[in-house]
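Let me put the structure up and then walk you through a few spots.

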Amino acid sequence: MVTKTEPTTEFVQELIPYSRRVFCNRNLRMDTIRYIGFDMDYSLALYKPAMEHLQAELVLNSMVDVLGYPRSILALKYDPQFAIRGLVVDTEHGNIFKMNAHRFVGMVWHGEGPLDKEIRRDIYTNRKIDLSDPGLMMVDTQFSLPEMHLYCQLVGLFDKQADNESKPTYDRLWRDLRGAMDVLHSDDSLKTIVRGNIPEYIYKDPDLPETLHRFRSAGKKLFLLTNSEPEYTRAVMTYLLDQGHPGYAKWEDYFDFIIASARKPGFFVGDTPFLHSNEDGSSQSIPVTQLRRGQIYTGGNLQELKQWTGMRGDEVLYVGDHLYGDILRSKRDTSWRTAMVVQELERELLGMQEHGSDLTELDRLESRLFQINLERAAHAIDGNRDRRLQGEARQLNQEVLRLEKQICVHFNHTWGMMVRDRAELSAFGAQMQDYACIYTSRVSNFRLYSPVWYFRSPRQRMPHEQLR
């Protein structure tokens, strides 16, 4: 609850830069939150583009050395600006596309460029996408972005190959690429390189220690719940937090309990026992029966966590970046409140500020189109009047299309804004809205708010409530 001594919402929003704000989908009273849990990768630890370049280099080498792909693929150049989260891979046709909240397909990319319009119509017109189709995969994590651009380049490279018998199918190409990337994350080869030079790959946010301290000072219990292995977790968290605040001798002191190798989303529904982690990263074989402060545990499951801590669902806020593994599953299986970290949102918000006049004009044009359609539908209009309105609507539609293209290139030159697909929310934006109670670009943005702040969502309107 906001006290009399706290600033009003309007005053706080004036003080906080737009790109650093916390946005609210569902009202959240932080004074009722007793536990705050954090994911690590792309949540507490934000990665630099060097991480994506490293992934791309290692996975191409693996495809050559292990899977027998031609050395010519090593000449492919990864572009970190190409992909955005929420794109869908169509492994049957070798395409990547963006879809809106209603699962209808917008932009489609094949190989080196946009798919031919006629082919796109034949494949996707009047087709509502079902993501349970094994030939479709929605990519919603930062770690998976390199795969999107590499897949397009590989499709383009093999499309030019004349010998159809020796080249892989689109489906095999994706499975080989995806499998090679999974191995990089599971065999420790990628993380060994990162551990050797953490500042090269991970941003050190100077505000993060103070942010966690403010939560603790307000009586919140903090915990770390990550899929990363204990050894890697120790290295990254030491870099982020050690010597970051005079009140904490070491990074473990910020957290009431620490769980690594959690295997989310299985953690929320499974029965894997908690094991104590040794200093060398190995786990003891005897299951533990309680969680002690300052120690690292591996595995575990939600039921024992609730039993040992007494935490109740609506008292817990979980902060993560993975839409499925962190946000959706914790929301469905636990009733925890959810905060989503969307690292790339900061860049998108800065773009919205810089091109705010274009976005305002687009809103004005779309509002006028809405009013024209209301007028034509609500009244018996004479022929001349109706033709004039139709003509105005056509002109407005053309101007909307022109302005949308102009705005698009200022965000992502191929896909536009991450959370929108023209006038609709993108599928990714709709899932953020459905499953994230609040969202922001980095954990340290919470430092700019009171730890007992009342986050309020904006009033939503249905179409019949718009201005008439």
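This is a predicted model: local features need pLDDT of at least 70, side-chain atom pairs count only at pLDDT 80 or more; totals for chains, interfaces and linings use all residues.

**Around helix α5**

Now back up into the helix itself. Helix α5 covers residues 170–186, and at 1.5 Å a residue its 17 residues should span 24 Å; the end C-alpha atoms are 24 Å apart, so that agrees.

Which residues of α5 are buried? They are L173, W174, D176, L177, R178, A180, M181, L184 and H185. Remember that an α-helix has 3.6 residues a turn, so residues three or four places apart point the same way. As for what they pack against, the buried residues of α5 meet α2 (49–65), α4 (145–159) and α6 (189–196), plus the strands β4 (87–90) and β8 (136–139).

Those two strands take us to the sheet. We've got an open sheet of five strands, ordered β7-β6-β5-β4-β8, with antiparallel pairing. At the edges stand β7 (113–114) and β8, each with a single partner strand, so one side of each has no neighbour in the sheet. Between β4 and β8 there are four bridges, in the antiparallel sense, and V89 has M137 in β8 as its bridge partner. Lying across β4, β5 (95–99) and β6 (105–110) is helix α3, residues 117–124, which runs at about 120° to β6.

Last stop, the cores. The largest nonpolar core has 83 residues, and F38, I202, F255 and F455 have the most contacts inside it. Apart from that one lies another core of 23 residues, including F23, I123, M138 and M432. Leaving aside neighbours within four places in sequence, F455 touches V22, C24, R26, N27, L28, M30, I438, F446 and Y449.

How values were computed
Residues are numbered from 1 along each chain as its sequence is written. Side-chain values use heavy atoms; hydrogens and water are left out. A nonpolar core is a set of buried Ala, Val, Leu, Ile, Met, Phe, Trp, Tyr and Cys residues joined through side-chain atoms within 4.5 Å. Buried means under 20% relative accessible area, exposed over 50%, partly exposed in between (1.4 Å probe, protein chains only). Contact means heavy atoms within 4.5 Å. The expected span of a helix is 1.5 Å times one less than its number of residues. Two strands pair if DSSP finds at least two bridges between them. Axes are lines fitted to C-alpha atoms, for helices over the stretch in contact, and angles run from 0 to 180 degrees between N-to-C directions.
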